[in-house]
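Hi,

Here is the structure I said I'd pass on. Have a look at it first, then read my notes on the helix packing below.

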Amino acid sequence: MKNVRQVAILDIIQKHDIETQEELAAALMNQGIRVTQATVSRDIRELRLVKVLTASGGYKYAMPDVKEVGVTDRLIRMLSESLLSIAASGNMLVLKTLSGSAGVAAEALDGLKWPEVLGTIAGDNTIFMVIRSEAEVPGVTQRITELMK
């Protein structure tokens, strides 16, 4: 349940400007996830969310800049728990995830900064990856498969 809740939190803050823990708790409740303020506070701390300035001058919760802090163990664990399958075609990979967790999983994959990966695009439950060359696909596939274990 914790992993589902934290994936939902990351999805919510990516899609909406959430300024307070109360707003975040309400957004979770709208998705059918009952939480207390203490649980939201603990999740914010574990996910290492930060408050950033919005264009309108307010503040909102956001993921820290991955380039600055690197991929956290928690983000990698969420990636491994949400990946369901991987398929290759030419120099492209398609990864299936639990519903609503593709964005978080793609963020973790991007944060690994593998030089073979040209980019990722995430939907709700699917990640599309472009690999630099077809010859590098098996190596990337193997590393992702190891993350799924």
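Before the details, one term: when I say two elements meet or are in contact, I mean heavy atoms within 4.5 Å. Helices (H or I, at least four residues) and strands (E, at least two) are DSSP runs, numbered from the N terminus.

Two housekeeping points. This is a predicted model, where local features need pLDDT of at least 70 and side-chain atom pairs count only at pLDDT 80 or more, while totals for chains, interfaces and linings use all residues. Residues are numbered from 1 along each chain as its sequence is written, and side-chain values use heavy atoms, with hydrogens and water left out.

Let's start with H5 and H6. From helix H5 (residues 73–82), Leu75, Met78, Leu79 and Ser82 meet Val104, Ala105, Glu107, Ala108 and Leu109 of H6. By class, that contact has seven nonpolar, one polar and one charged residues (Ala, Val, Leu, Ile, Met, Phe, Trp, Tyr, Cys and Pro count as nonpolar, Asp, Glu, Lys and Arg as charged, and the others, Gly among them, as polar). H5 and H6 (residues 102–111) pack at about 125 degrees, with their axes 9 Å apart; the axes are lines fitted to C-alpha atoms, for helices over the stretch in contact, and angles run from 0 to 180 degrees between N-to-C directions. The pair is therefore oblique (under 35 degrees is roughly parallel, over 145 roughly antiparallel, 65 to 115 roughly perpendicular, and the rest oblique). H5 passes H6 in a left-handed crossing, meaning that the near helix is turned anticlockwise from the far one by less than a right angle, with clockwise being right-handed.

How buried are these two? Seven of the 10 residues of H6 are buried, so H6 is largely enclosed by the rest of the structure (buried is under 20% relative accessible area, exposed over 50%, partly exposed in between, with a 1.4 Å probe and protein chains only). The buried residues of H6 are Ala102, Val104, Ala105, Ala106, Ala108, Leu109 and Gly111. In H5, Arg74, Leu75, Met78, Leu79, Ser80 and Ser82 are buried, and their cover includes H1, H3, strand E3 (83–89), strand E4 (92–97), H6 and helix H7 (137–148).

H3 (residues 37–47) has Thr39, Val40, Asp43, Ile44 and Leu47 buried. These residues span an arc of only 140 degrees around the axis, so they sit on the same side of H3; the arc is that of the directions from the helix axis to the C-beta atoms. They pack against helix H1 (2–15), helix H2 (21–30), strand E2 (59–62) and H5.

Then there is the H1 and H2 pair, with an angle of about 110 degrees and axes 10 Å apart. H1 and H2 are therefore roughly perpendicular to each other, and their crossing is right-handed. H1 contributes Arg5, Ala8, Ile9, Ile12 and Ile13 to the contact, and H2 contributes Leu24, Ala27 and Leu28. Sorted by class, there are seven nonpolar, no polar and one charged residues.

Arg48 follows H3 and lies in the loop between H3 and strand E1 (50–53); its phi is near 60 degrees, a positive value in a residue other than glycine. Lys113 follows H6, in the loop between H6 and strand E5 (117–122), with a positive phi near 55 degrees. Lys113 is partly exposed, with a relative accessible area of 47%.

Cheers
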